[in-house]
Amino acid sequence: MTENLIQIQDLTKVYGAGTIAVHALQGLSANVEQGEFVAIMGPSGSGKSTLMNILGCLDRPTSGSYVLDGEDVSGLSKDRLASVRNRKIGFIFQAYNLLPRLTAVRNVMLPLLYDRRNHLSDAQAVARAASRLEQVGLSDRLHHRPNELSGGQQQRVAIARALINEPSIILADEPTGNLDTRSGQEIMRLLDELHRQGATIVMVTHELDIAENAQRVIYLQDGRIISDRTHASGIAHMFNATNGGGR
Amino acid sequence: MNLWRTFRVAWEGLVLNKARSFLTTLGVIIGVAAVIVMLAVSAGAEAEIADQINALGANLVMVMPAFTQGGFRAGAGRMPQLSYDDIATIQNGVTGINGVSAEQTTRQDIQGGGVMLEGVTVIGTTNDFTKVREYAITAGRFITDSDNDRALKVAVLGASVAEELFGVVSPIGQPLKIGSTKFTIVGVMARKGVVGNTDYDSQIYIPLTVVFKRFTNARFGADAVNTLYVSAESRDAMADVMEQITRALVKAHDVDPASPDFQLITQDSIIDAQASTTETFRNLLGWVAAVSLVVGGIGIMNIMLVSVTERTREIGLRQALGARPLDVRLQFLLEAVMLSLIGGLVGVAAGVGGSHLFNALGTMRTELVVESIPLAFGAAAIVGIFFGYYPAAKAAQLDPIVALRRE
């Protein structure tokens, strides 16, 4: 079953107006199918972050359409976007973004708090969060706070949090950016595993070896897609030519 | 997100910074405690005054001399005053009363039973004194009308005086020297204690006419009475009694009813006058309390603004995970309201405790006004909502992208 989970058409994003206007996205079109693992690469200022913000329903495009899971979300209100984020998107951030005062379980439960369809009791919610933590290999760290966990473990908690509402898509923004190589590899193995189980993942990275985990690599430059291939190795020369992704 | 969960999230936010949360609520605590203590103090003062006035006797109408408009009455050529005869005028001309009494006080050294007491309060009065003051006699008899008519030198002792002079021996029939005049003791009063400022038990009671003859200076109108005390049969009868007294005295004094030479005062009118002064006092204190609540509210707003800035990233994350602007707003508004309500709660406890403490220490009499508790608590809640609104709105307006990027 191949179904387009994400359809973007002529997407543009302009910040500011007039002569100081910045055209962050200049007419992007792409589809992401159910079950794909897509990496988005590109140098700083290429529009990666802007694209991720729009894909994550944190921002709205200036023009163009974005259909997520059959629903056109390009013109939704703030409240509706919040609801879409809650139900359909699982975020994984570079800096994990766990709340320091909450235990792992409570951090994982956070999205349930804002799910208005959710009528789980507290105990049920805790059980569900615990099972997600088990899925990412942290069943023995349920009641630890973030400062009692390693960076890799914190990112796993964040992944468990991204999974709690069974989202249509997982958006990972430099998921290994704050981690050492070994922890980074563990996180990538976890994402691979999720992908094999059928999850759709879109990941921004500027590291080629991380991007190689994906089936498909979209390369952005100056707000346009300049390459969209089914394997990372094909863009290696381009990556070298543009001298990496900043940072 | 349901309200209970929002409550829990807000609570977690407060617990995060216990010391700061407590300091923030201090303003509200002081404001609320001030409201309760101040109302208790002024209610206590009012009750104290009411007690003193009621101690005079129930359903009492006091008749006092009054200056008429334009000064002294031209024809009379003397200060307006009430006389001994006015007692009879009221007794005979007014229905629905328990009694009429007049009092004239003097301080004298007394000697009896071989004991001498200096500076004892001697009250010259009439038979109805016991009815008007609701004061019982235990042995012998009280002053009678005929004692007064004939100015007999008889005396009735307060319970403490009787004990000091004669111990357990009955003083009835014993001689008593008041000043240089010899009296015969005819009765002893029951114990009444201190009411208002008067210690009834340490006084001596003699006929009013004897005081006029023996203990007042004739030059100042020897039979002048400062105040007549009229006891009405019931509270409902008071208005009618006052009307009758006015009519009887206007006729007896032959004065213009529009500007009589006397005035009628009731406990109620004194209490009312007193109430209006305490009300002014209370309004002033009310403003003080209101100002401290506002200052407390500004403190809360200040801390909530700091908190929103500090937790920008948290707000961004919550938004990314699906919190609507409304959810964020509610979370921070509830934090502010909970701060002020906790302040209110502690303030109520401090206020109630403080009021009791004042009473217990005897510094001043306080009487807890129960209504002040919901009043102060409600004011605290309103302060929380009012001053929490702006920081909460600021939090809700944050752009999740910007907020998430904040370090």
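Two residues are in contact here if their C-beta atoms, placed from the backbone, lie within 7 Å. On that basis, in this predicted model, the contact between the chains takes 18 residues from chain A and 18 residues from chain B. On the side of chain A that touches chain B, the elements giving two or more residues are α2 (78–88) and α3 (104–113) of chain A. The largest share of that side comes from α2(A), with six residues. Sorted by class, the side of chain A that touches chain B holds eight nonpolar, four polar and six charged residues.

Chain B has 407 residues, of which 41% count as buried. Its secondary structure comes to 13 helices and 15 strands. Chain B is divided into two domains, domain 1 (3–51 + 275–405) and domain 2 (104–225). Taken over C-alpha atoms, the centres of domain 1 of chain B and domain 2 of chain B are 60 Å apart.

| Property of chain B | Value |
|---|---|
| Radius of gyration | 34 Å |
| Box filled by the C-alpha atoms, along the principal axes | roughly 105 × 55 × 35 Å |

Among contacts in chain B with a separation of 6 or more, 82% join residues 24 or more positions apart.

One strand pair can be described in detail. Strand β3 (residues 97–102) of chain B is mostly covered, with five of its six residues buried. β3(B) pairs with strand β14 (residues 228–232) of chain B in the antiparallel sense, over five bridges. Within this pair, V100(B) stands opposite V230(B) of β14(B).

Conventions: Residues are numbered from 1 along each chain as its sequence is written. Chains are lettered from A and ligands numbered from 1 in the order in which they are written. This is a predicted model: local features need pLDDT of at least 70, side-chain atom pairs count only at pLDDT 80 or more; totals for chains, interfaces and linings use all residues. Domain bounds come from an automatic or database domain assignment. Helices (H or I, at least four residues) and strands (E, at least two) are DSSP runs, numbered from the N terminus. Ala, Val, Leu, Ile, Met, Phe, Trp, Tyr, Cys and Pro count as nonpolar, Asp, Glu, Lys and Arg as charged, and the others, Gly among them, as polar. A residue is buried if 20 or more other C-beta atoms lie within 10 Å of its own, exposed if 12 or fewer, and partly exposed in between; C-beta atoms are placed from the backbone. Two strands pair if DSSP finds at least two bridges between them. The radius of gyration is taken over C-alpha atoms; the globule rule is 2.2 Å times the number of residues to the power 0.38.
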